[in-house]
Amino acid sequence: AGDLCCDGVCSEKHSGCSKDCSPGMISCGGECVVAQPNEKCCEGPAGSGIVCQESAQCCDGACLEPGHGCAALTDECAIGMLACGGQCFPGTEDSTCCTGPNGTGIICGSGAECCDGLCMAAGTGCAKKCGPGMLSCGGVCMSGNETDKCCVGPTGNGMLCEATAQCCDGACMPDGEGCAKTCAEGMVHCGGVCMYGTSEDKCCLNNQTGTGMVCAAHAECCDGACAVNGTGCAAQSKGGCGPGLMSCGGECLPGSEDGGFCCASPSGKGGVLCSKGDECCDGACTGKGTGCSEQCADGLMRCGGQCLPAQDESTCCTGPSGSGMLCGAGDVCCSGVCVSHGLGCAKNCAEGFMSCGGECLASNSFLNKCCEGPTGAGVLCGADQECCGGLCEAKGSPCALA
């Protein structure tokens, strides 16, 4: 009796996690710990603690000499130490604090450059004024001479190029190549880049990406790709398709009108060649009297725009989307789904079912009252329940949906 429970452990009164510690103990980090009158509690970020001398500096749960560690937060660093990044570091009057992106710091010597928490020699790294034999480019001092030029890329990083070079998105290219406005001899401008070619060649661009390639003068350009003359997308050009090819869906396909016909896709781009006598259904070839044929072959019935295998007693059941399925004898069609007679949306429900909300719902001696909501859907309620906007509630309950 009188013990305390501390995280599943029994401790004597005025000890453990007691808020009222015994003489000679202090509360520190949620525990009663032994301490002298000249000692104090030092707690860390996690909440645990240790006992330090009264004169010590408490830094995130560690005891340090006065004027060291995190004493910088109180501007009380000891002699011979400098405050930097929230800590006290050894330094001199000529030393400088260099703080990085995360707030931590280091001490740099006299004349050094501070670059994102790193000490660099003067005139190097991120120095605004670079040393002899160096040039500033992309925020960094690089080895170079006065004739070199800085080439900065999309990310902001840079590199030094020779005076005669071309800068293309952060890369050095020989003059007259790459993204040069005036291409060198033996090259032509295409898609914003200098490519090997002659004045007789033609640039073939991809309409979506804007990139290009150089095609021979007699070649066909098809969406950024070179094709043999009279093939590929030649169907869209004045020359048309070559011998043994026919135009279909904007492309030249092997075949002739004597042996077949074009079956283009619904989008009009792309297609296939079908044999004579076939049917074309949304870009696919099907046998006559099958697929989407208006006149279905024997043993098939047209339903939902398709010829489906059927029996003599089959009936077509079309859904809201226009597609369909065949139902057997005696089945009922409910929004494109076949259900047994007397079920689903049947007007005359089978025994044990009741029509409610346009559906046949299973009923019994208790659930036999139809309750329809604003949407027209319904549920069956018990005899001792009230219908409230399509929900069953106890009799006498206020109906918020009424």
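Colleague: How many salt bridges does a search of the whole structure find?

Modeller: The general idea comes first. Side chains of opposite charge can pair when their charged atoms come close. The cut-off here is a side-chain nitrogen of Lys or Arg within 4 Å of a carboxyl oxygen of Asp or Glu. A search of the whole structure finds 2 salt bridges. Keep in mind that this is a predicted model, where local features need pLDDT of at least 70, side-chain atom pairs count only at pLDDT 80 or more, and totals for chains, interfaces and linings use all residues. Residues are numbered from 1 along each chain as its sequence is written, and side-chain values use heavy atoms, with hydrogens and water left out.

Colleague: Which residue forms a salt bridge with lysine 269?

Modeller: Aspartate 223 does, with the closest N and O atoms 3.8 Å apart. The pair links distant parts of the chain, 46 residues apart. Lysine 269 is in the loop between strand S29 (260–264) and strand S30 (271–275). Aspartate 223 is in the loop between S25 and S26. Strands here are DSSP runs (E, at least two residues), numbered from the N terminus.

Colleague: Is lysine 269 buried or exposed?

Modeller: Read the relative accessible area. Buried means under 20%, exposed over 50%, and partly exposed in between (1.4 Å probe, protein chains only). Lysine 269 has 61% relative accessibility, so it counts as exposed. Aspartate 223, at 47%, counts as partly exposed.

Colleague: Which side chain meets glutamate 294 in a salt bridge?

Modeller: That of arginine 302, at 3.5 Å, N to O. Glutamate 294 is exposed at 60% relative accessibility. Arginine 302 is partly exposed, with a relative accessible area of 33%.

Colleague: On to cysteines. How many disulfides does the structure hold?

Modeller: A disulfide is a pair of cysteine sulfur atoms within 2.5 Å. The structure holds 34 disulfides. Take cysteine 28 and cysteine 41, whose sulfur atoms are 2.0 Å apart. This pair links distant parts of the chain, 13 residues apart. Cysteine 28 is in strand S3 (residues 25–28), and cysteine 41 is in strand S5 (residues 39–43).

Colleague: Why is the disulfide of cysteine 28 and cysteine 41 right-handed?

Modeller: Look at the torsion about the S-S bond. For cysteine 28 and cysteine 41 that torsion is about 75 degrees, so the disulfide is right-handed. Cysteine 28 is buried at 2% relative accessible area. Cysteine 41 is partly exposed, at 28%.

Colleague: Which cysteine does a disulfide join to cysteine 42?

Modeller: Cysteine 58, with S to S 1.9 Å. The link of cysteine 42 and cysteine 58 has 80 degrees about the S-S bond and is right-handed. Cysteine 42 lies in S5 and cysteine 58 in strand S7 (residues 57–59), so the pair ties together parts that are 16 residues apart in sequence. Cysteine 42 is buried, at 0% relative accessible area. Cysteine 58 is partly exposed, at 27%.

Colleague: Is the link of cysteine 222 and cysteine 233 right-handed or left-handed?

Modeller: Left-handed, with -95 degrees about the S-S bond. The S to S distance between cysteine 222 and cysteine 233 is 2.0 Å. Cysteine 222 lies in strand S25 (residues 220–222) and cysteine 233 in the loop between strand S26 (225–227) and strand S27 (245–248), so the pair ties together parts that are 11 residues apart in sequence. Both cysteine 222 and cysteine 233 are buried.

Colleague: Now the backbone. What is phi of aspartate 116?

Modeller: Start with the rule. Most residues other than glycine have a negative phi. Phi of aspartate 116 is near 50 degrees, a positive value in a residue other than glycine. Aspartate 116 lies in the loop between strand S13 (113–115) and strand S14 (118–120). At 66% relative accessible area, aspartate 116 is exposed.

Colleague: Where does aspartate 169 lie?

Modeller: In the loop between strand S19 (166–168) and strand S20 (171–173). Phi of aspartate 169 is near 50 degrees, also positive. Aspartate 169 is exposed, at 67% relative accessibility.

Colleague: Last, strand pairing. How many bridges join strand S21 to strand S22?

Modeller: Two strands pair if DSSP finds at least two bridges between them. Here 4 bridges join S21 (residues 187–190) to S22 (residues 193–196), and the strands run antiparallel. Valine 188 has methionine 195 in S22 as its bridge partner. The hairpin of S21 and S22 has 2 residues between the strands, and glycine 191 takes a positive phi near 65 degrees there.
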